[in-house]
Amino acid sequence: MDCYIAGNWKMNGRHDWAIKPSALMSELGGDVPDNVRVIFIPPALYVGDLAKSAHSAGLLAGAQNCHFEEGGAFTGEVSASMCADCEADFVICGHSERRAMFGETDEIVRKKALAVHEAGMTAIICIGETLEQRESGEANDVIAGQLKGSLPASTTSINTIIAYEPVWAIGTGKVAELDDIAQMHAHIRECVKVEFGEYTSENLPIQYGGSVKPGNAKEILALKDVNGALVGGASLDMESFAAIIMAAG
Ligand code: PGA
């Protein structure tokens with residue numbers, strides 16, 4: 001299975017960051033390792049420019065969010081078909097920051113992912129437990145519930161990536177134990193199997209996210225059911241992003 005390394009810039013960047021894909025290619029010496037797919041995910045305003053520069057460097061691009069409606073009176077929002085129109089290949093749905101700060105429920109995330117599928121793109125659907133939920137032994141149930149609620153019936157192994165991001169590991173420098181990551185990714189595959197069958201479960205990429213850095217990427221990406229990383233902070237600097245991509249190869 002391909003390995004998907006996505007850089008989620010969050011609310012960072014400027015117009016001239018459209019040169020980052022070519023800067024990354026220079027860091028990589030002109031080649032992305034075989035079977036590694038690199039995705040730039042800038043703020044919505046910059047998706048069009050980034051998609052162009054990423055595609056011309058042989059890389060991919062995505063948006064961080066979209067509305068589930070096709071269009072209409074939704075001031076400030078951007079639809080999935082607008083992301084596709086700007087040549088996005090992916091849209092993140094239900095990042096934990098959106099769940100926590102912008103009230104996104106599993107149902108909203110499911111509707112967004114469906115809109116992404118209908119617009120012909122791949123949804124990166126984020127799930128993850130809080131520290132409190134992990135410490136009280138609820139992590140498996142929380143993840144099962146989020147998967148059941150957030151994955152639309154249209155989910156296939158082609159149009160969906162699941163990103164497992166323990167909330168307490170995002171932007172904190174804390175990384176989950178390797179055993180816990182391996183266990184949770186296997187659990188996610190089991191849950192997907194129950195809902196969508198064996199083929200989808202075995203072929204659907206599952207990314208890990210939360211403080212992935214050059215220093216820890218190799219051991220995380222070597223785990224059996226880990227098929228990539230959703231990288232925040234370390235994707236802002238092309239030297240560290242390139243080091244993570246090399247670790248995936
Ligand atoms: P981080 O963010 O790598 O800065 O922890 C990951 C994410 O939120 O996707």
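Analyst: The buried residues of α5 are Val 109, Lys 112, Ala 113, Ala 115, Val 116 and His 117, where buried means under 20% relative accessible area, exposed over 50% and partly exposed in between, with a 1.4 Å probe and protein chains only. Before going on, please keep in mind that this is a predicted model, in which local features need pLDDT of at least 70, side-chain atom pairs count only at pLDDT 80 or more, and totals for chains, interfaces and linings use all residues. Residues are numbered from 1 along each chain as its sequence is written, and side-chain values use heavy atoms, with hydrogens and water left out.

Helix α5 covers residues 106-118; helices (H or I, at least four residues) and strands (E, at least two) are DSSP runs, numbered from the N terminus. With 13 residues at 1.5 Å a residue, α5 should span 18 Å, and its end C-alpha atoms are 18 Å apart, which agrees. The expected span is 1.5 Å times one less than the number of residues. After α5 comes Gly 120, with a positive phi near 85°.

What do the buried residues of α5 pack against? Their partners are the helices α3 (80-85), α4 (96-101) and α7 (139-150), together with the strands β4 (90-93), β5 (122-127) and β6 (160-164). Contact here means heavy atoms within 4.5 Å.

Two packed helices are described by the angle between their axes and the distance between the axes. For α5 and α7 the angle is about 45° and the axes are 7 Å apart; axes are lines fitted to C-alpha atoms, for helices over the stretch in contact, and angles run from 0 to 180 degrees between N-to-C directions. The two helices are therefore oblique to each other, since angles under 35 degrees count as roughly parallel, over 145 as roughly antiparallel, 65 to 115 as roughly perpendicular and the rest as oblique. On the α5 side the contact is made by Asp 106, Glu 107, Val 109, Arg 110 and Ala 113, and on the α7 side by Gly 145, Gln 146, Gly 149 and Ser 150. By class, this contact has two nonpolar, four polar and three charged residues; Ala, Val, Leu, Ile, Met, Phe, Trp, Tyr, Cys and Pro count as nonpolar, Asp, Glu, Lys and Arg as charged, and the others, Gly among them, as polar.

Now for another helix pair. α10 (residues 214-221) and α11 (residues 238-248) pack at about 20°, with axes 8 Å apart. That makes α10 roughly parallel to α11. Pro 214, Ala 217, Lys 218 and Leu 221 of α10 meet Ser 240, Ala 243, Ile 244, Ala 247 and Ala 248 of α11. The residues of this contact divide into seven nonpolar, one polar and one charged.

Helix α8 (residues 178-196) has 19 residues and reaches 27 Å from first C-alpha to last, close to the 27 Å expected at 1.5 Å a residue. Among its buried residues are Ile 181, Met 184 and Cys 191. Just after α8, Gly 197 takes a positive phi of about 90°.

At 0% relative accessibility, Ala 61 counts as buried. Leaving aside neighbours within four places in sequence, Ala 61 is in contact with residues including Ile 39, Phe 40, Leu 50 and Phe 90.
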